[in-house]
Amino acid sequence: MSAGELAPSLGIIEATWERNENQTASTSNDGESDVLEFADPFWTAKVKVTITSRDQFDIWDSFFARRQLSVNSFTMWRSLRVRPRDPLITSDAGLALSGIDVGASTISLTGYGIGRKASLGDMIGYRTAGNGYWVGQVVQEATANGTGAITASVWPRPAAPHATTPAPRRFKALGEFRMIKAPDPKEAYMDWDYRFEAEQVLR
């Protein structure tokens with residue numbers, strides 16, 4: 001399964017990422033619950049593309065053909081959350097992953113920028129030990145200290161990073177996905193669009 005190809009970004013007008021917990025639960029009327037997690041949580045994405053030209057349609061159409069439905073995975077960022085909310089963060093230059101805590105669901109970074117914030121909803125990603133992509137959302141606001149180091153609470157819990165080049169990103173943080181079902185195209189006179197659904201690949 002190929003993980004290399006980046007999805008086009010042309011014409012995306014809806015991009016809903018949904019959180020999925022791999023768990024089962026039994027509850028009682030007194031509010032008690034017994035939760036069993038049987039696999040890692042993951043993202044699913046529902047995307048709508050409105051296309052303004054035949055050229056753009058053919059770019060998307062050929063991309064989907066190369067996927068062979070679920071055979072070949074792809075990478076994409078969360079299209080409506082391309083950058084951090086802190087306007088003083090302008091690039092990922094110097095950003096490094098210094099550690100993760102799976103139990104606490106936090107990641108630690110250096111080079112974040114002195115006093116710069118990890119805001120609620122910001123997306124952060126990095127390469128994993130299995131040559132895949134971890135991508136998560138900040139769920140508690142945090143501020144980098146006087147050396148530019150920060151620890152941020154995230155969902156989902158972090159995965160083991162790549163040993164040499166985790167390459168963390170706040171801008172266009174990438175996740176790896178595969179198609180859930182065949183994409184839904186519309187091809188009409190001067191009117192094209194695509195809808196598709198994908199689920200995250202974890203490795």
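Contact here means heavy atoms within 4.5 Å. By that rule, Gly 132 touches Tyr 126, Arg 127, Glu 176 and Arg 203, leaving out residues up to four places away in sequence. The model is predicted: local features need pLDDT of at least 70, side-chain atom pairs count only at pLDDT 80 or more, and totals for chains, interfaces and linings use all residues. Residues are numbered from 1 along each chain as its sequence is written, and side-chain values use heavy atoms, with hydrogens and water left out.

**The chain as a whole**

- The chain holds 1 helix and 15 strands. Helices (H or I, at least four residues) and strands (E, at least two) are DSSP runs, numbered from the N terminus.
- Along the principal axes, the C-alpha atoms fill a box of roughly 55 × 50 × 30 Å.
- Of the 203 residues, 42% are buried. Buried means under 20% relative accessible area, exposed means over 50%, and partly exposed lies in between (1.4 Å probe, protein chains only).
- The accessible surface comes to about 10,500 Å², and 50% of it belongs to carbon and sulfur atoms. Accessible areas come from the Shrake-Rupley method with a 1.4 Å probe; for residues, only the protein chains shown count as cover.
- Among contacts between residues at least 6 apart in sequence, 71% join residues at least 24 apart.

**Helix α1**

- Helix α1 covers residues 54-67, and its 14 residues should span 20 Å at 1.5 Å a residue. The end C-alpha atoms are 20 Å apart, which agrees. The expected span is 1.5 Å times one less than the number of residues.
- The buried residues of α1 are Gln 56, Phe 57, Trp 60, Phe 63, Phe 64 and Arg 67. They cover an arc of only 130° around the axis, so they sit on the same side of α1. The arc is that of the directions from the helix axis to the C-beta atoms.
- Asp 55 and Ala 65 are exposed, on the face of α1 turned away from its buried side.
- Cover for the buried residues of α1 includes β1 (12-20), β4 (42-51), β5 (74-77), β13 (174-179), β14 (184-188) and β15 (191-200).
- Gln 68 follows α1 and has a positive phi, near 50°.

**Nonpolar cores**

- A nonpolar core is a set of buried Ala, Val, Leu, Ile, Met, Phe, Trp, Tyr and Cys residues joined through side-chain atoms within 4.5 Å.
- The largest nonpolar core has 25 residues. Trp 17, Val 49, Trp 60, Phe 74, Met 76, Phe 177 and Phe 196 touch the most other members.
- β1, β4, α1, β5, β13 and β15 each supply at least two residues of this core. The largest share, 5 residues, comes from β4.
- Beyond residues up to four places away in sequence, Val 49 touches Leu 10, Gly 11, Ile 12, Trp 60, Trp 192, Asp 193, Tyr 194 and Phe 196.
- A second, separate core has 17 residues, including Leu 97, Tyr 112, Val 138 and Ile 150.

- Ser 105 lies in the loop between β6 (96-101) and β7 (106-110). It counts as buried because its relative accessibility is 15%.
- The side chain of Ser 105 reaches the backbone oxygen of Val 154 at 2.6 Å.
- Thr 151 lies in strand β12 (residues 150-155). Its relative accessible area is 46%, so Thr 151 is partly exposed.
- The side chains of Thr 151 and Ser 108 make a polar contact at 2.8 Å. A polar contact is a pair of N or O atoms within 3.5 Å; within protein, one must be able to donate a hydrogen and the other to accept it, and residues adjacent in sequence count only if both atoms are side-chain atoms.

**Loops and backbone**

- Gly 132 lies in the loop between β9 (123-127) and β10 (133-140). At 0% relative accessibility, Gly 132 counts as buried.
- Most residues other than glycine have a negative phi, and most peptide bonds are trans.
- The peptide bond from Trp 155 to Pro 156 is cis, with omega near -5°. Pro 156 lies in the loop between β12 and β13.
- Ala 167 lies in the loop between β12 and β13. Its phi is positive, near 45°.
- Met 190, in the loop between β14 and β15, has a positive phi near 55°. Met 190 is exposed, with a relative accessible area of 59%.
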